[in-house]
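Please look over the sequence and the model before reading on.

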Amino acid sequence: MKKPMTAVSFTETEEQKARLEAIIEAHKDEKGALMPILQEAQEIYGYLPKEVQKRIALGLDIPVSEVFGVATFYSQFLLNPKGQHPVSVCLGTACYVKGSGLLMEKLEELLGVSNGSITEDLKFSLDATRCIGACGLAPVITIGEDVYGRLEPDQLEGILAKY
């Protein structure tokens, strides 16, 4: 049975907090400050937790809903942390026709999480993606920078064991 995203408690160092405050201060009077602040905040934390979004909103004197709206509109921003080994399943047309939907189902079963989630030990995150340009290898998954193609669901357990 698939489990929903494990709640990851937000922790930050004093250095991260100070860097974010400095970024907000440096950009707060600029027109269009939200985008560069979000980009730099994501560089600091690896994603944009709600606590960081609230701090940005407070620093810019704008509603949190505006920060959240921008963060969810642009695909470059992550609202959830990625695992130590991010797993992506290509669901582009070529991969899907060749069985990537079955790969996603098997990975959800093996990892015990659903698409867009992270394992309790923070080791793996699982995400669907669109075409990665490896159609000749369909169906394809990536684990970090490693690409695996021409896969069958029964190969996945062995691949995950490497990580």
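K106 and E109 form a salt bridge, with 3.4 Å between the closest N and O atoms. The term salt bridge stands for a side-chain nitrogen of Lys or Arg within 4 Å of a carboxyl oxygen of Asp or Glu. The two residues are 3 apart in helix α6 (residues 100-111), so about one helical turn separates K106 from E109. Helices (H or I, at least four residues) and strands (E, at least two) are DSSP runs, numbered from the N terminus. K106 is partly exposed, with a relative accessible area of 24%, whereas E109 counts as exposed at 57% relative accessibility. For these classes, buried means under 20% relative accessible area, exposed over 50%, and partly exposed in between (1.4 Å probe, protein chains only).

The model is predicted: local features need pLDDT of at least 70 and side-chain atom pairs count only at pLDDT 80 or more, while totals for chains, interfaces and linings use all residues. Residues are numbered from 1 along each chain as its sequence is written, and side-chain values use heavy atoms, with hydrogens and water left out.

Side chains of opposite charge can pair when their charged atoms come close. How many salt bridges does a search of the whole structure find? The search gives 5. One of them joins the side chains of R55 and E12, at 2.8 Å from N to O. R55 lies in helix α3 (residues 50-60) and E12 in the segment before α1 (14-27), so this pair ties together parts that are 43 residues apart in sequence. Is R55 buried or exposed? R55 is buried, with a relative accessible area of 18%; E12 is partly exposed, at 26%. The side chain of R55 also meets that of E21 in a salt bridge, at 3.6 Å from N to O. This second pair links distant parts of the chain as well, with R55 in helix α3 and E21 in helix α1, 34 residues apart. E21 is partly exposed, its relative accessible area being 35%.

The aromatic rings come next. A pair of aromatic rings is described by the distance of the centres and the angle of the planes. The structure holds 3 aromatic pairs. Among them is the edge-to-face pair of F73 and Y74, with 4.9 Å centre to centre and 85° between the planes. Rings of Phe, Tyr and Trp (its six-membered ring) pair if their centres lie within 6.5 Å; planes under 30 degrees apart count as stacked, over 60 as edge-to-face and the rest as tilted. F73 counts as exposed at 64% relative accessibility, and Y74 is partly exposed at 35%. Y74 and F77 form an edge-to-face pair too, with 6.5 Å centre to centre and 85° between the planes. F77 counts as buried, at 7% relative accessibility. F73, Y74 and F77 form one aromatic cluster.

The largest nonpolar core has 19 residues, and L20, L34, I37, L38 and I56 have the most contacts inside it. Such a core is a set of buried Ala, Val, Leu, Ile, Met, Phe, Trp, Tyr and Cys residues joined through side-chain atoms within 4.5 Å. Two or more residues come from each of α1, α2 (34-45), α3 and α4. The largest share, 6 residues, is from α2.
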